[in-house]
There are 2 protein chains.
Amino acid sequence: MTAGTDGRGGPAGTTGSGDGDRIVALDVLDIRFPTSRELDGSDAMNPDPDYSAAYVVLRTSNGPEGYGLAFTIGRGNDVQAAAIRSLAHHVVGRPVPETAADLAALSAELVGDSQLRWLGPEKGVAHMALGAVVNAAWDLAARRAGLPLWRFLSGMTPEEIVGLVDFRYLSDALTPDEALDILRRAEPGRAERAAALVRDGYPAYTTSPGWLGYTDDKLAGLARQALADGFDMIKLKVGGSLDDDVRRLGLAREVVGPDVRIAVDANQRWDVGTAIAWMRELAPFDPYWIEEPTSPDDVLAHAAIARAVSPIRVATGEHVQNRVVFKQLLQAGAVDVVQLDACRVGGVNENVAILLLAAKFGVPVCPHAGGVGLCELVRHLAMVDFVAVSGTTEGRVIEWVDHLHEHFTDPAVVRGGRYVAPAEPGFSARLRDETLTDYRYPDGPVWTGLEER
Amino acid sequence: MTAGTDGRGGPAGTTGSGDGDRIVALDVLDIRFPTSRELDGSDAMNPDPDYSAAYVVLRTSNGPEGYGLAFTIGRGNDVQAAAIRSLAHHVVGRPVPETAADLAALSAELVGDSQLRWLGPEKGVAHMALGAVVNAAWDLAARRAGLPLWRFLSGMTPEEIVGLVDFRYLSDALTPDEALDILRRAEPGRAERAAALVRDGYPAYTTSPGWLGYTDDKLAGLARQALADGFDMIKLKVGGSLDDDVRRLGLAREVVGPDVRIAVDANQRWDVGTAIAWMRELAPFDPYWIEEPTSPDDVLAHAAIARAVSPIRVATGEHVQNRVVFKQLLQAGAVDVVQLDACRVGGVNENVAILLLAAKFGVPVCPHAGGVGLCELVRHLAMVDFVAVSGTTEGRVIEWVDHLHEHFTDPAVVRGGRYVAPAEPGFSARLRDETLTDYRYPDGPVWTGLEER
């Protein structure tokens with residue numbers, strides 16, 4: 001089936017590039033990094049991840065291409081890749097998207113595929129797949145515009161930005177008019193805040209010291225290094241053993257002193273009662289937030305935990321499947337920190353909805369990063385939040401994990417504990433050509449070499 | 001990787017068949033039926049479904065095989081099939097499961113695959129995939145035991161049944177001890193209730209009159225037929241147009257009279273405000289329940305709608321992704337009817353958890369059926385509920401949609417408005433060999449024939 005012929009999003013000819021350029025192919029690659037050998041990324045639920053990307057390239061008839069990805073942790077990356085391929089008929093043959101309206105139409109068509117919707121709806125493999133394609137389309141449009149995504153998106157009018165959002169299931173918490181008000185209030189200071197980002201960057205915190213597989217010495221050394229690198233916040237993984245957590249958090253607090261924030265992250269390990277009891281034991285070390293205390297699906301449990309552990313903040317988001325669950329977490333007072341993820345939900349469009357919801361409820365957005373390419377992508381979204389939505393960095397900070405950046409053509413850079421504002425056109429998801437060759441699973445030389453050893 | 005060697009569920013040699021039979025292959029087929037041509041299954045969100053199954057066969061070294069499926073509505077069935085294939089290493093080489101403990105171990109190993117868990121967790125394509133495999137393992141075990149699944153499962157001890165359940169994330173609503181109490185209370189009358197099922201069957205309602213694509217004449221004719229067939233409850237799809245719904249529901253009420261229950265089903269079409277306003281207009285026709293008024297992810301929205309539309313019941317479940325969301329729907333008083341689905345969640349084990357949760361909260365389970373094979377499978381689960389869990393059919397009824405049964409070797413049968421208790425060994429998911437040949441997508445003769453026309 002050719003794109004645009006199945007009744008949603010309008011015929012392919014009605015939107016897009018004035019110069020007639022079209023998307024001619026959607027290529028998907030299964031790229032995996034053997035991270036489980038170093039225990040980078042090890043936590044209470046994920047003991048041996050091989051950080052991976054189902055990587056998508058939108059090939060065009062002329063000019064720049066678009067790049068996107070879904071992040072996984074190994075097995076199943078091929079399933080994720082297959083899910084992305086299943087969306088090809090929606091984009092191949094389509095004019096290259098250029099405007100907010102083009103990008104809104106593409107997102108609506110993908111979300112509205114009623115047969116594929118059954119596989120979610122709007123969650124899991126199918127939703128991450130469409131998120132990867134939507135993000136690749138945004139990357140493409142921003143490249144064509146010659147702007148980094150954060151500038152491209154935050155340069156749109158409030159009306160255009162509202163038009164990106166699917167308000168289905170949101171109207172009991174956020175209406176289009178309320179969203180427009182939020183965006184209009186932030187409009188006057190946009191240029192000034194963009195200039196501040198270029199000058200000062202955006203606050204970051206580092207998770208590098210805290211992986212569960214690390215020794216105490218490695219933890220202490222990396223915490224010291226974090227201070228030396230200019231961070232004023234670090235994060236530790238918890239939830240494996242209470243004794244270990246008490247010892248490790250005590251050690252970290254000793255190393256960094258009382259003024260540096262230490263967040264802890266349980267990676268969904270606990271039930272409600274355990275979460276509350278465990279955090280009571282960790283409270284003397286003044287944790288800044290508890291992240292993913294329980295199932296990401298459990299709004300009511302997060303609300304109960306938030307009430308019990310206050311003033312410790314509750315944070316979640318990297319596994320929150322869509323805007324409907326974020327909406328409820330906010331309505332129920334279940335989160336104090338919204339950790340949106342660039343690749344879990346339906347791409348830029350749904351993340352704009354999540355930024356607007358968080359702004360409506362006055363809850364800070366502190367994006368989840370790490371993985372493969374998440375630091376590269378989420379910095380754009382946090383910067384859009386600052387420039388065009390919330391208008392502030394107060395209580396806001398982007399996660400930083402210092403690995404795998406060398407594989408990207410426009411890698412995230414953190415200096416003095418702050419993300420540098422990206423300047424290159426696009427959404428920064430492009431992997432280097434050598435990486436695509438070396439790490440292709442299962443036939444790239446990195447993987448065939450592992451098998452031979 | 002060989003099954004049982006990756007650290008969860010114990011080594012493959014510790015459980016299973018005494019006679020040494022093993023699972024030697026996991027085969028997956030992409031089977032699709034071109035139902036969109038007749039508008040069977042058309043509703044407000046799914047205008048043109050091609051009912052499909054990602055069909056799994058567990059081949060064994062000796063004796064009966066096991067059959068399971070994930071139901072989809074067309075595009076993406078290949079992705080669903082790929083997700084099932086990705087689980088092969090957990091089952092191939094494993095002893096044929098025979099006991100409750102074997103089936104608990106298999107489910108735990110599949111749910112516990114930390115790399116695949118990232119793709120959910122416990123939702124969407126990845127979760128339906130493991131549900132299909134778990135169900136196939138139950139089918140296999142029941143066939144080996146020579147019992148229909150409902151007898152096989154409801155013959156287990158309360159302790160064995162509790163052992164099937166993953167209580168992670170449930171303990172704030174249901175503990176293992178509470179589950180044991182529920183099962184023990186139902187133990188005395190088991191034999192008598194099983195005999196009653198064989199004698200009288202289990203109450204059914206029919207959705208056949210109500211698909212949105214049908215004309216008024218077809219609706220009225222089928223509603224009349226439903227009465228003649230002995231049903232005392234029918235269901236209509238709503239949510240496309242309010243005027244149409246008022247007319248159609250009025251017509252149906254006129255045909256069936258005041259004493260037959262008419263449920264309505266919006267298939268997730270509405271936001272909260274629309275749902276409440278729409279149901280106010282339909283209230284004069286005395287709808288029995290409103291099904292899927294909004295997003296299946298939206299616990300708080302269902303709760304708000306339930307408060308506003310009472311005494312009309314709120315029902316949902318066919319798209320509820322897992323036990324954690326069912327738990328919250330029950331905790332929040334958001335549902336009056338739990339519509340579990342055999343193929344949406346993690347198979348029999350998770351559905352046992354959902355039956356126990358519903359029993360704990362005193363809410364009736366009325367399974368979702370239709371699709372491909374759902375009638376065949378859910379009748380077993382409803383019968384387990386009656387025999388071993390809730391001990392009653394009060395307020396309980398299984399959906400009946402009269403299509404595609406001819407493709408199954410042990411088809412669901414409804415007589416006089418009641419499901420006949422299945423007597424053949426297994427879980428009834430086996431498709432006929434001719435169907436596997438004729439409807440295989442895209443190369444079976446039914447599909448190549450369509451292309452040629």
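Trainee: Which helices are included in what covers the buried residues of H8(A)?

Mentor: This is a predicted model, in which local features need pLDDT of at least 70 and side-chain atom pairs count only at pLDDT 80 or more, whereas totals for chains, interfaces and linings use all residues. Residues are numbered from 1 along each chain as its sequence is written, chains are lettered from A and ligands numbered from 1 in the order in which they are written, and side-chain values use heavy atoms, without hydrogens and water. Contact means heavy atoms within 4.5 Å, while helices (H or I, at least four residues) and strands (E, at least two) are DSSP runs numbered from the N terminus. The cover of the buried residues of H8(A) includes, from chain A, helix H7 (158-163), helix H9 (190-200), helix H15 (348-361) and helix H16 (374-389).

Trainee: Within what arc do the buried residues of H8(A) fall?

Mentor: Buried means under 20% relative accessible area, exposed over 50%, and partly exposed in between (1.4 Å probe, protein chains only). In H8 of chain A (residues 176-186), the buried residues are A:Ala179, A:Leu180, A:Ile182, A:Leu183 and A:Ala186. The arc is taken from the directions between the helix axis and the C-beta atoms. Seen down the axis of H8(A), the buried residues line one face of the helix, because they fall within an arc of 160°.

Trainee: Which exposed residues does the face of H8(A) turned away from the buried side carry?

Mentor: An α-helix has 3.6 residues a turn, so residues three or four places apart point the same way. On H8(A), the face turned away from the buried side carries the exposed residues A:Asp177 and A:Arg185.

Trainee: How many salt bridges are found across the interface of domain 1 and domain 2 of chain A?

Mentor: Chain A is divided into domain 1 (12-146) and domain 2 (184-438), with bounds from an automatic or database domain assignment. Their contact takes 39 residues from domain 1 and 41 residues from domain 2. A salt bridge is a side-chain nitrogen of Lys or Arg within 4 Å of a carboxyl oxygen of Asp or Glu. Across this domain interface, the number of salt bridges is 1.

Trainee: Which three residues supply 20% of the area that chain A buries against chain B?

Mentor: Buried area is the accessible area (1.4 Å probe) that two parts lose on being put together, summed over both. Chain A and chain B bury about 5200 Å² between them, with 53% of it on carbon and sulfur atoms. The 20% share, more than any other three residues supply, comes from A:Arg75, A:Gln115 and A:Trp118.

Trainee: How far apart are the closest N and O atoms of A:Lys123 and B:Asp297?

Mentor: Between chain A and chain B the count is 6 salt bridges. A:Lys123 forms a salt bridge with B:Asp297, and the separation of the closest N and O atoms is 2.8 Å.

Trainee: What distance separates the C-alpha atoms of A:Arg430 and A:Val56?

Mentor: A:Arg430 lies in the loop between strand S12 (418-419) and helix H17 (433-438) of chain A. A:Arg430 is partly exposed, at a relative accessible area of 28%. Leaving aside residues up to four places away in sequence, A:Arg430 touches several residues, including A:Tyr55 and A:His407. A:Arg430 and A:Val56 are 374 residues apart along the chain, yet their C-alpha atoms are separated by 9.3 Å.
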